[in-house]
Amino acid sequence: MAARPLPAPPPREPLLARLGLHRPELRAWAMYDWANSVFMTTVMQVFPIYFATVAAADLPRAQASERIAWTTAIAMVTIAFVSPILGAIADYAGIKKKMLFASIAFGVIPTAGLVFVGRGDWKLGAVLYILGNIGVTSSITFYEALLPHIASQDEIDRVSTAGYAIGYVSGGLLMAINAIWIEHPAWIGLPDSEMATRLSFLSAAVWWAAFSAPVLRRVPEPPTVAPPSLSPSAVIRSSFAGLAGTLRDLRGYRHAFLLLLAFLLYNDGIQTVIRMGTAYGTEIGISRGSLIAAIIMVQFVGVPFSFLFGSLAGRLGVKRVLFIPVAVYVVIAIVGYRMRTAADFFLLAFLVGTVQGGSQALSRSLFATMIPRPRSGEFFGFWGVFEKFGGVIGPVVFASVIAATGSSRPAILSLIAFFVAGGVLLSFVDVDEGRRHARAAEAALAAR
């Protein structure tokens, strides 16, 4: 009896499909991570070093760390209050992309202005840094609100993690170029590292502006929520009414709200590690060259791990995979507390690189599947509130512990509480129920 031929294996998806980049609008959307990630590296990581060693050089190191922590907190409080209002207006008026463009411009200009911050100019530097942070974080609110309109539920985790991976490459590439400038200014005809650092901030602004073009040109504007006959003033009134409704509705989207609360807590610790890591390293005496090299390493370690987390989410489920970075961040806090040498800082940076992109990308993609898509701007505005308050409470606690103890070591250890509490809340999120509720809400909106 002849043996039956084995069935042919199913065809493998093309590489771009496996990465979540198989359509032009998905690639254009992900390119905004390429654009804005240079702010997260060259500006957010290098400026605290520059602030402590140049702009606030006349202040004690611990006091400089405290000032940059309060500067970060002010920026995050501001954007936390305005982002849901702007998100609601963007939904009702159908101007998410216009608001994205305005936010980019609002952030790029002060970022470029950091080129004028010299020795002793810590107040000017703080103001420009606040404005740049407001611009980049508000732009990300509108950018993320576009995601559920262009990606299906099956695609969204891969698209989100691909964006983070692309951002890591971008941030690492410009950071490597800037590091060469800063460490060897004579190679490019500059007098010293201070001027090279200032030009690095300018290069980040130009990069951010230039590579924002694809998302503005290729990603379609989602449909408006408001009837076309509404006047601008009526759109604004409707936006505020919708905002109040979203506040009420959040309690009805129980599992999306639980995810928001969990994200608020564990993201609090994550954002504090990101924003205060180099300031802490500078305070304990790690050299500028080692700090910058570690930042670059984070970017390139993050690329494969971001894609890995996207793949794991498809196999194991997003919620289950999110517990991995939360646990690793507890280890990071312990390593940070014990840190003494540059080798310790490199270990900490490697651990951050393995989980930073995955934790944030999967959090945003999971939330995007648990909200009604026609109101994504409003809901991502509130996501922005929780994300920004996650960038406020941690630095405030960090600064307060420094003020009380005179050292950042106890402050870094205090972050463990945020990761543990966030993980506990995450365990109560029912993803399937949250998604069912969101799809039912979409159907009700369509019927209206």
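Tutor: Happy to! One definition to begin with: a patch here is built from residues with over 30% relative accessible area and no salt bridge, and nonpolar side chains are joined within 5 Å. This is a predicted model, and in it Leu173, Ile177 and Phe300 make a nonpolar surface patch of about 240 Å². Ile177 belongs to helix 7, residues 156-183. Its relative accessibility is 33%, so Ile177 counts as partly exposed.

Now to the packing of helices. Two packed helices are described by the angle between their axes and the distance between the axes. For helix 12 (residues 288-316) and helix 14 (residues 342-368), the axes come within 7 Å and cross at roughly 35 degrees. The crossing of helix 12 past helix 14 is right-handed. On the helix 12 side, the contact residues include Met297, Val298, Val301, Gly302, Phe305 and Phe309. Helix 14 contributes, among them, Phe345, Phe346, Phe350, Gly353, Gly357 and Gly358.

Stay on helix 14 for a moment, as Gln360 lies there too. With a relative accessible area of 8%, Gln360 is buried, because buried means under 20%. Leaving aside residues up to four places away in sequence, Gln360 touches Tyr164, Asn267, Ile270, Gln271 and Ile274.

Finally, the setting: the protein has 19 helices and 0 strands, and 58% of its 448 residues count as buried.

Notes: Residues numbered from 1 in each chain as written. Predicted model: local features only at pLDDT ≥ 70, side-chain atom pairs only at ≥ 80, totals over all residues. Heavy atoms only, no water. Patch = residues over 30% accessible without salt bridge, like charges linked within 9 Å, V, L, I, M, F, W, Y side chains within 5 Å. Areas by Shrake-Rupley, 256 points an atom, 1.4 Å probe, with all protein chains shown as cover. Salt bridge = Lys/Arg side-chain N within 4 Å of Asp/Glu carboxyl O. Helix = DSSP H or I, 4+ residues; strand = E, 2+ residues; numbered from the N terminus. Buried < 20%, exposed > 50% of the residue type's maximum accessible area, 1.4 Å probe, protein only. Axes fitted to C-alpha atoms, helices over the stretch in contact; angles between N-to-C directions. Left-handed = near helix turned anticlockwise from the far one by under 90°. Contact = heavy atoms within 4.5 Å.
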